[in-house]
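Subject: Structure for you to look at

Hello,

Here is the structure I said I would pass on. Please open it alongside this email and follow the notes below.

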Amino acid sequence: MTTTGSRTGNTGPTGNTGRTGPQGTTPATQAPTPALLRTAAELDALPRPAGAERAVVMTMGALHEGHATLIRTAREAAGPDGQVVVTVFVNPLQFGEAADLDRYPRTLDADLETAAAAGADAVFAPGVDEVYPGGEPQVRITAGPMGERLEGASRPGHFDGMLTVVAKLLHLTRPDEALYGQKDAQQLALIRRMARDLNFPVRITGVPTVRDADGLALSSRNRFLSPQERHTALALPRALFAAQDRLAAQQALHERAKATAPGGDRAAGLNKLGEARAAADAQAVALARPNGAPAAVRATARAVLEEAAARDRHPLVLDYLALVDPADFTEIPDDRESGDAILAVAARVGETRLIDNIPLTFGALT
């Protein structure tokens, strides 16, 4: 459970301010310290607001501005009379290797300060024995086919462990609304599917990804990147944004040609627009067709990533680049003409594995 999605910094599900990085700063005044709860009994004893809602943000700690945005969004959703609970738990079921689990940062004191500044009322930070009192649970949630794709293929069992702890935390916290970041798009999709399939009485809300000023999606793992590795890692958002721009340009070219020569010769239409070079370039004209867009999106992003992978020092090692249906994370076919998609990427830079994604809409101008 981590952070959230958009090309820039955002303060809520619909925020969009450009490419310049996260909004929102820590208030100068001292925020009230949220209640620190260590046990399920303490959480159960936390009074619920009468006539108002409880919103929950689940994290594994090491909170940053992305988490703070989630908490602020939860605060706004719950309202001044509502309650915001933040969970901090490093879930061992989500880690394939003990070394990765041991390496994950634990910063509870700083997390409490971040949660307080963002408007949390309580922080539930249980130990492993509290969440799994009998050791690793024998009964778990299974993520199904969607959980075996992309991140699930790279990290077998990860999503089963994630859904198991999310289910437990939803039962323990009993929220009206739970908020998760769109940076972990596959995780968000699986949580939504679990809530629907198993009739969890909770609204699942996705919050857009928060990015640093250089475009890198905020992540607790970013702290492990050296300055040179971070420079290489910027290829991830650069590839996503290049693909997004390519799609927008192709769809705009398609619309202009169609308007100039409705139902007729697209090359002639482009010539009327004074775009003789585009009209003469058969490949460019073909790529401007709506059913050529998925291939062009993939090719544009891959070219940026391949350049980063070719560097002698601090190369980027690509795990996957996928253009998928947000409903089930299956690959979008090259002849797709309309509908929503997610362009997702995962790569390793040095010892650090990073993921990122961007939502796209095909046929938005048609």
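The notes below cover a sheet and a pair of helices.

Please keep in mind that the model is predicted.

The sheet
Three strands make up an open sheet, ordered S7-S8-S9, and their pairing is antiparallel. Strand S7 (316-324) and strand S9 (352-362) are at the edges; each has a single partner strand, so one side of each has no neighbour in the sheet. On average, and ignoring direction, neighbouring strands in this sheet are turned by 15° against each other. Between S7 and strand S8 (residues 339-349), the antiparallel pairing runs over eight bridges. To find a place to start, look for valine 324, which stands opposite isoleucine 342 in S8. Helix H14 (residues 293-309) lies across S7, S8 and S9, and runs at about 170° to S7.

The helix pair
Now turn to helix H7 (residues 158-173) and helix H8 (residues 185-197), whose axes come within 11 Å and cross at roughly 55°. The crossing of H7 past H8 is right-handed.

Which residues make the contact between H7 and H8? From H7 they are Phe159, Met162, Leu163, Val166, Ala167 and Leu170, and from H8 they are Gln186, Gln187, Leu190, Ile191 and Met194. Sorted by type, the residues of this contact are nine nonpolar, two polar and no charged.

Regards

How values were computed: Residues are numbered from 1 along each chain as its sequence is written. This is a predicted model: local features need pLDDT of at least 70, side-chain atom pairs count only at pLDDT 80 or more; totals for chains, interfaces and linings use all residues. Side-chain values use heavy atoms; hydrogens and water are left out. Two strands pair if DSSP finds at least two bridges between them. Helices (H or I, at least four residues) and strands (E, at least two) are DSSP runs, numbered from the N terminus. Axes are lines fitted to C-alpha atoms, for helices over the stretch in contact, and angles run from 0 to 180 degrees between N-to-C directions. Contact means heavy atoms within 4.5 Å. A crossing is left-handed if the near helix is turned anticlockwise from the far one by less than a right angle, and right-handed if clockwise. Ala, Val, Leu, Ile, Met, Phe, Trp, Tyr, Cys and Pro count as nonpolar, Asp, Glu, Lys and Arg as charged, and the others, Gly among them, as polar.
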